[in-house]
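Here are a few notes for you on the model we talked about. Have it open while you read.

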Amino acid sequence: MDKFSDIANPIDLRLGEDASHYLLQTRDDNRVAALVLASQVTRKLDMFTPDMEAAIYDTDEFAQAVTRFALSSPHARMRILTLEIERATKYGHRLIEISRKLSTYIEIKHAHEDYRGALNCYLLADESGLLQRTVASRFEGSLSLHAPAETRRLREQFDGMWERSSYSPEFRRLHL
């Protein structure tokens, strides 16, 4: 497994084509890897996260990439499943604001209590892109741009969790 930080220009990596697996070690590695996936996704972007991870996902670059993705096709969909929502809503996370404006394309659910003890987190892009950390509180993880079997396995897990989870009123904007 190659170190992600050794790549001269990670944005040149291609989703669905680059078969290498990259070792993520830092917050910045995770932030750039998430941006690589969000910048190239065309159909589905699914995120399982403990608390919307502001250090990784609450950046202008990631928000712009997600917005471009959501507006790129009427079939584009992003689903975010989070364990803890209070901090993200309290501090105005960009993804929550975008989901309020683009609710047809971006949905956020609060994870069912059965999943609240989960330690891992991941971001799935289309049928083969995967950023994952086995311990969400740490930045050590991996990025795979062509891992269809593992992406499919995690998406099946995500789909089951999504069905059992619920929308939170905190994610909806009240129009008066």
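Is W162 buried or exposed? W162 counts as buried, at 5% relative accessibility (buried is under 20% relative accessible area, exposed over 50%, partly exposed in between, with a 1.4 Å probe and protein chains only).

A word on the ground rules. This is a predicted model, where local features need pLDDT of at least 70 and side-chain atom pairs count only at pLDDT 80 or more, while totals for chains, interfaces and linings use all residues. Residues are numbered from 1 along each chain as its sequence is written, and side-chain values use heavy atoms, with hydrogens and water left out.

1. Staying with W162: its ring and that of F158 have centres 5.8 Å apart and planes at 20 degrees, so this pair is stacked. (Rings of Phe, Tyr and Trp, the last by its six-membered ring, pair if their centres lie within 6.5 Å; planes under 30 degrees apart are stacked, over 60 edge-to-face, and the rest tilted.) The two sit four residues apart in helix α6 (residues 148–164), about one helical turn. (Helices are DSSP runs of H or I with at least four residues, strands are runs of E with at least two, numbered from the N terminus.) F158 is buried too, at 0%, and ring pairs link F158, W162 and Y167 into a cluster.

2. By this rule there are five aromatic pairs. One of them is F4 with Y22: centres 6.2 Å apart, planes at 75 degrees, so edge-to-face. F4 is in the loop between β1 (2–3) and β2 (21–24) and Y22 is in strand β2, so the pair ties together parts 18 residues apart in sequence. F4 is buried at 3%, and Y22 is buried at 5%.

3. Now look at helix α1 (residues 27–40) against helix α3 (residues 60–72): they pack at about 20 degrees, with axes 8 Å apart. That makes α1 roughly parallel to α3 (angles under 35 degrees count as roughly parallel, over 145 as roughly antiparallel, 65 to 115 as roughly perpendicular and the rest as oblique). A34, L35, A38 and S39 in α1 meet E61, F62, A65, V66 and F69 in α3 (contact means heavy atoms within 4.5 Å).

4. Two backbone spots to check. M52, in the loop between β3 (44–49) and α2 (54–57), has a phi near 70 degrees, positive in a residue other than glycine, and is buried at 0%. D126, in the loop between β6 (121–125) and β7 (129–133), has a positive phi of about 50 degrees and is buried at 7%.

Methods: Axes fitted to C-alpha atoms, helices over the stretch in contact; angles between N-to-C directions.
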